[in-house]
Amino acid sequence: MASTVSRSVPLLLINRTRFPDAAFRDLQLAVADHATLERVLEWGRTHVPPRRVEEIITQDEFTHDVLVRLDNSQYLAYGVT
């Protein structure tokens, strides 16, 4: 019988937009379990309005950047392989 092993991988979040420290810590906590794209999509659906994938940018055949809008000028960019 096969089993699925789920491991938590630390998510590296870089503050490139000068979020205030407290807001950045809150965001780090909110996205800490985003180890898979499925978790990102689930998290996005919990917001009103939902936070959806705005764009997927192909870097090469294996790597993509997935952009999720936070507000009118800020995005989360997930590096996905």
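This report walks through a predicted model, from the overall layout to the helices, a loop histidine and the sheet.

## What you are looking at

Residues are numbered from 1 along each chain as its sequence is written. Because this is a predicted model, local features need pLDDT of at least 70, side-chain atom pairs count only at pLDDT 80 or more, and totals for chains, interfaces and linings use all residues, while side-chain values use heavy atoms, with hydrogens and water left out.

## The overall layout

The chain holds two helices and three strands. Here helices (H or I, at least four residues) and strands (E, at least two) are DSSP runs, numbered from the N terminus. Follow the sequence along and you get the pattern α-α-β-β-β.

Of the chain's 81 residues, 20% count as buried. Buried means under 20% relative accessible area and exposed means over 50%, with partly exposed in between (1.4 Å probe, protein chains only).

Now for contacts, meaning heavy atoms within 4.5 Å. Take those between residues at least 6 apart in sequence: 20% of them join residues at least 24 apart.

Let's start with α1, where Phe24, Leu27 and Val31 are buried. They cover an arc of only 60° around the axis, so they sit on the same side of α1. The arc is that of the directions from the helix axis to the C-beta atoms. An α-helix has 3.6 residues a turn, so residues three or four places apart point the same way. On the other side of α1, you'll find Asp21, Asp26 and Leu29 exposed. The buried residues of α1 pack against α2 and β3.

Over in α2, the buried residues are Val40, Trp43 and Gly44. Looking down the axis of α2, these fall within an arc of 100°, so they line one face of the helix. Glu38 and Arg45 are exposed on the face turned away from that buried side. As for partners, the buried residues of α2 pack against α1, β2 and β3.

## A histidine in the loop

Between α1 (21-31) and α2 (37-45) runs a loop, and histidine 34 lies in it. Is this histidine buried or exposed? Histidine 34 is buried, with a relative accessible area of 4%. Leaving aside residues up to four places away in sequence, histidine 34 touches Leu11, Arg39, Val40, Trp43 and Tyr78.

## The three-stranded sheet

The strands form an open sheet in the order β1-β2-β3, with antiparallel pairing. Two strands pair if DSSP finds at least two bridges between them. The edge strands, β1 (53-58) and β3 (75-80), each pair on one side only. On average, neighbouring strands of this sheet are turned by 20° against each other, direction ignored. The axes are lines fitted to C-alpha atoms, for helices over the stretch in contact, and angles run from 0 to 180 degrees between N-to-C directions.

A hairpin links β1 to β2 through five residues. These two strands run antiparallel, and five bridges join β1 to β2 (residues 64-69). Valine 53 has valine 68 of β2 as its bridge partner, and threonine 58 stands opposite histidine 64 in β2.
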